[in-house]
Amino acid sequence: MQYKAVIFDLDGVLVFTDKYHFKAWKKLAEKLSIDFTEKDNDRLRGVSRAESLEIILEKYKGKPTSEAQKQEYLAEKNDTYRQFLGDMNRNDVSDVVRDTLKKLRESGYRLAIGSSSKNTAYILERTELTDAFDAVADGTMITKSKPDPEVFLKAAELLRETPSNCLVVEDADAGVTAAHAAGMDAAAIGAATKSQRADYNLEAFSDLLRIL
Ligand code: B16
Ligand code: MG
């Protein structure tokens, strides 16, 4: 086997919380009279909450925002976002995703999460996915978010696996860059397939069963 472990990004790969991020940021942006489009939202994929706010504030026409005010905005956005997460359940993960994860494990691969999100544990719990993984590395454990490799190196460390034995599955260009910086191959799905920078491009999640 070329790989021994697979590290999955969460948002945009296993669950589609990106639509909730968009709605929550949009609510804040409207309050600040900032124009915020789906195209802008694409720039936030895989990027931390604090860095996402900086990107949104690029279009802000008001006075410079203080650090305390930024913290308030971040808390406000996260409150809105978590209200959406509260409505999630196991049906928010497709049968194809659940079945593919199960088959990979049965084939002997060790599975981990490598997500920038500080809400990872809550999302896994809501969707009943926690037990599908051997390790979880998330935004609560890192100081630098993607494209820095920290979260994927943390996942490999938790799995006690050498980085070169790990394949990363990502929907964000920032995540593909992070995987390569960690010394790992990357399989792109969704938005990240456009740039053709990954080692594999997946048309469907189940294509993993052909690579692995
Ligand atoms: P939170 P991923 C990322 O998740 C999202 O793609 C990104 O849009 C978000 O800003 C980031 O998590 C932080 O999320 O506000 O929940 O801590 O794609 O790395 O699974
Ligand atoms: Mg993602």
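**Entry 1: the two aspartates**

Are D11 and D171 buried or exposed? I looked them up in this predicted model, and D11 and D171 are both buried. My cut-offs: buried is under 20% relative accessible area, exposed is over 50%, and partly exposed lies in between, with a 1.4 Å probe and protein chains only.

Ground rules for these notes. Residues are numbered from 1 along each chain as its sequence is written, and chains are lettered from A and ligands numbered from 1 in the order in which they are written. In this predicted model, local features need pLDDT of at least 70, side-chain atom pairs count only at pLDDT 80 or more, and totals for chains, interfaces and linings use all residues, while side-chain values use heavy atoms, leaving out hydrogens and water.

**Entry 2: the magnesium ion**

Which residues coordinate the magnesium ion (ligand 2)? I find D9 (OD), D11 (O) and D171 (OD), at 2.1 Å. Donors here are N, O and S atoms within 2.8 Å of the metal (3.2 Å for Na, K and Ca); water is not among the atoms, so sites may look incomplete. Along the chain, the donors of this ion follow the spacing D-x1-D-x159-D. D11 sits in the loop between β1 (5–8) and α1 (18–31), and D171 sits in the loop between β4 and α8, so the pair ties together parts that are 160 residues apart in sequence.

I also checked G12. This glycine is in the loop between β1 and α1. G12 counts as buried, at 9% relative accessibility. Setting aside neighbours within four places in sequence, G12 is in contact with D171 and I189. Contact means heavy atoms within 4.5 Å.

**Entry 3: the whole chain**

I counted nine helices and six strands. Both are DSSP runs numbered from the N terminus: helices are H or I with at least four residues, strands are E with at least two.

How does the radius of gyration agree with a compact globule? For 212 residues such a globule would have a value near 17 Å, and the chain has 17 Å, which agrees. This radius is taken over C-alpha atoms, and the globule rule is 2.2 Å times the number of residues to the power 0.38. Along the principal axes, the C-alpha atoms fill a box of roughly 55 × 35 × 30 Å.

Buried residues are 51% of the 212. Of the contacts with a separation of 6 or more, 62% come from residues 24 or more positions apart.

**Entry 4: strand β1 at V6**

V6 lies in strand β1. Its relative accessible area is 0%, so V6 is buried. Which residues touch V6, beyond neighbours within four places in sequence? The contacts are Y109, R110, L111, A112, L167, V169 and L212. The C-alpha atoms of V6 and C166 are 5.5 Å apart, though 160 residues separate the two along the chain.

In helix α8 (residues 173–181), I list A174, G175, V176, A178 and A179 as buried. Their cover includes α7 (150–159), β4 (166–170) and β5 (185–189). Just after α8, G183 takes a positive phi of about 85 degrees.

Helix α3 (residues 49–57) has S52, L53, I55, I56 and L57 as its buried residues. Cover for these includes α1 and α4 (67–85).

Most residues other than glycine have a negative phi, and most peptide bonds are trans. I looked for exceptions.

S33 is not a glycine, yet has a positive phi of about 55 degrees. S33 lies in the loop between α1 and α2 (38–42). At 66% relative accessibility, S33 is exposed.

R160 also has a positive phi, near 55 degrees, and is not a glycine. R160 is placed in the loop between α7 and β4. Its relative accessibility is 77%, so R160 counts as exposed.

Where is the cis bond? The peptide bond from K146 to P147 is cis, with omega near 15 degrees. P147 is in the loop between β3 (135–137) and α7.
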